[in-house]
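Q: I'm new to this structure and would like to learn how to read it. Could you walk me through it, feature by feature?

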Amino acid sequence: MPKLAELTGDENSGESSRTFVFEDEGHTLGNVLKSIICKYSDVNFCGYTVPHPAENKMHFRIQAAKNVRAIDVLRRGLEDLERVCDHTIETFEAAVAMHHEHETKNA
């Protein structure tokens with residue numbers, strides 16, 4: 001099974017509502033991605049669940065406005081999350097470099 005799939009049986013709800021299944025993911029990705037996507041004005045509902053602790057997968061549900069495809073919302077959410085992670089890494093690395101520079105001057 002691929003790392004990301006659509007939940008079977010969800011096809012009849014239209015393109016704007018989908019449940020995606022992420023393999024090898026859990027609350028860490030689910031919570032932050034939900035937090036990002038819930039802020040979009042074209043999203044009516046967004047949530048996730050980890051069906052069972054013994055299963056290493058997460059179900060992620062998106063219900064968007066009728067003219068918006070859920071897969072496009074998911075893609076946008078993942079791209080925004082990537083930008084947040086990049087910014088966090090850059091900020092952290094700059095702070096570490098500044099700390100090392102300060103240590104070197106005081107040594």
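Q: Is arginine 75 buried, partly exposed or exposed, and what is its relative accessibility?
A: Buried means under 20% relative accessible area, exposed means over 50%, and partly exposed is in between (1.4 Å probe, protein chains only). Arginine 75 has 44% relative accessibility, so it counts as partly exposed. Before we go on, a word on the source: this is a predicted model, where local features need pLDDT of at least 70 and side-chain atom pairs count only at pLDDT 80 or more, while totals for chains, interfaces and linings use all residues. Residues are numbered from 1 along each chain as its sequence is written, and side-chain values use heavy atoms, with hydrogens and water left out.

Q: Which residue does aspartate 72 form a salt bridge with?
A: A salt bridge here is a side-chain nitrogen of Lys or Arg within 4 Å of a carboxyl oxygen of Asp or Glu. Aspartate 72 pairs up with arginine 75, and their closest N and O atoms are 3.2 Å apart. Both sit in helix α2, three residues apart, about one turn of the helix. Helices (H or I, at least four residues) and strands (E, at least two) are DSSP runs, numbered from the N terminus. Aspartate 72 counts as partly exposed, because its relative accessibility is 32%.

Q: What separates arginine 83 and aspartate 80 in helix α2?
A: About one helical turn, because they are three residues apart. The side chains of arginine 83 and aspartate 80 also meet in a salt bridge, at 2.4 Å from N to O.

Q: How many salt bridges does the structure hold?
A: Ten. Some are linked in a network, made of Glu6, Glu15, Arg18, Arg69, Asp72 and Arg75. Within that network, arginine 18 and glutamate 15 meet at 3.4 Å, N to O. Arginine 18 is buried, with a relative accessible area of 7%, whereas glutamate 15 counts as partly exposed at 46%.

Q: Is strand β2 mostly covered or mostly open?
A: Strand β2 spans residues 17–23, and seven of its seven residues are buried, so to speak a mostly covered strand.

Q: Which strands pair with β2?
A: Two strands pair if DSSP finds at least two bridges between them. Strand β1 (residues 4–6) runs antiparallel to β2, joined by three bridges; leucine 4 has phenylalanine 22 as its bridge partner. Strand β4 (residues 57–64) also pairs with β2 in the antiparallel sense, over seven bridges. There, valine 21 stands opposite histidine 59, and phenylalanine 20 has phenylalanine 60 as its partner.

Q: How many bridges join strand β3 to β4?
A: Six, and these strands run antiparallel too, with β3 covering residues 43–49. As for cover, six of the eight residues of β4 are buried.

Q: What is the phi of aspartate 24?
A: Most residues other than glycine have a negative phi. Aspartate 24 has a positive one, near 60 degrees. You'll find aspartate 24 in the loop between β2 and α1 (27–37). Aspartate 24 counts as partly exposed, with 43% relative accessibility.
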